[in-house]
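Trainee: Could you take me closely through one part of this model, the pocket and cavity side of things? I'd like to know what sits around those spaces.

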Amino acid sequence: MSIQDAPLPASAGKPDPARPDFRGRGVRPPEWIIFGFFAYLAAISPWFTERPDLHHQPIELLAGVAALIALLVGLQRTRISKVIDCIRDWIPLGLTLVAFRSMEIFIPAHFTHHYERVWLRWDQVLLGNWGLRHVIESLGWLIPGYLELCYLLVYGTGAFCLLVLYFVNRRRGIDTFYAIYLAGTLAAYALFPYFPSQPPRMVFPHIDPPTISTIVREWNLWILRTGSIHSSVFPSAHVSSAFAAAWAMLLIMPKRRRYGWALLIYAVSVSLATIYGRYHYAADVAAGFGISVAAAVLFAVIRRKRSQRHTEV
């Protein structure tokens, strides 16, 4: 029997889960999610005519995102497919930043502070009556400094998770990670236009402010002044994205749950930092947490149904 006639091993032709597939592919799930988000912005923009900075930007953004995705899909079929495949692993993070910055066009002409006055009551109970601020400041600058650092690092949570997936040879899980992470993050952005609001540190600067300041807090305040949006704080995208990342890593790597559990502790720390630092109201945190849970549950339900279908087949 010749070599050509020899039977192939049982594993031949099956994809290696640790090795990414560089064959030409169409639009990836995270790219569909991002495209859907910008399509949503374009669809709702006619109902926000009172927003002075809102014009035709949502249509332009949608067209630009569609063109970029089409270009990447086309380049995926060329000789540089491996390079493009790696680039597409990271593009959703950049487009998420674009999505965040785009929410500034929904800033209202003025804020009524109706929501803020309601949310403040819960914060006063939590920070004052229940003693949360006293507990956080009981060790001096140590806990406030730690919480401010957690708040600062949230901007790199997505990139950190992608690097972990590369490191543990789970690159095939990147699209799954994005499905939960983007759903949890972009769903928070999607609600911003309906809840125009400002953070407690701006509206109520003298009510329950932190009495301990650190250099990290000064960095956070500088970033928020120069690089953040000012259209809404509800829900907290910091919280929703941090928890969504934790749920995603727990679901993707059931045998390496230490990453997911560490991110879960980190997400709780971010939640406390947003309230203590007066970056968000407790209501923002609760809503952000709820969005992250909904994203994870939705993904788990879809995955279970798909698994059942494959089993039946």
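Mentor: Let's start with charge: Lys and Arg count as positive and Asp and Glu as negative, with His and the chain ends left out, and each charge is placed at NZ of Lys, CZ of Arg, CG of Asp or CD of Glu. On that basis the protein chain has 30 positive and 19 negative charges, and their mean positions lie 9 Å apart.

Keep in mind that this is a predicted model, with pLDDT of at least 70 needed for local features and 80 or more for side-chain atom pairs, while totals for chains, interfaces and linings use all residues. Numbering runs from 1 along each chain as its sequence is written, and side-chain values use heavy atoms, without hydrogens or water.

First, the setting. The protein chain has 13 helices and zero strands (DSSP runs numbered from the N terminus: H or I of at least four residues for helices, E of at least two for strands). Its C-alpha atoms fill a box of roughly 85 × 50 × 40 Å along the principal axes. Of its 313 residues, 48% are buried (under 20% relative accessible area; exposed is over 50%, partly exposed in between, with a 1.4 Å probe and protein chains only). Among contacts (heavy atoms within 4.5 Å) with a separation of 6 or more, 86% join residues 24 or more positions apart.

Now to the pocket. The largest one holds about 430 Å³ of space. Here a pocket is an open set of points on a 1 Å grid over the protein atoms alone, with protein on both sides within 12 Å along at least five of seven lines; in a cavity a 1.4 Å probe fits but cannot get out, and lining residues have an atom within 4 Å of a point. Nineteen residues line the largest pocket, and nearest its centre are Leu97, Phe100, Val154, Tyr155 and Tyr189. Helices supplying at least two lining residues each are H3 (81-102), H7 (157-167), H8 (174-191), H10 (215-227) and H11 (237-252). H3 gives the largest share, with four residues.

Thr96 is buried at 7% relative accessible area. Leaving aside neighbours within four places in sequence, Thr96 is in contact with Leu182, Thr185, Leu186 and Tyr189.

Helix H9 (200-203) and H11 each supply at least two of the lining residues.

A few loops deserve a look too. The peptide bond from Phe234 to Pro235 is cis, with omega near -5 degrees, and Pro235 is in the loop between H10 and H11. Arg278, in the loop between H12 (257-276) and H13 (282-312), has a positive phi of about 65 degrees although it isn't a glycine. Arg278 is buried, at 2% relative accessibility. Asn169, in the loop between H7 and H8, also has a positive phi, near 60 degrees, but Asn169 is partly exposed at 48%. Why flag these? Because most residues other than glycine have a negative phi, and most peptide bonds are trans.

Notes
Grid points are joined across faces, edges and corners, and a volume is the space filled by probe spheres set on the points.
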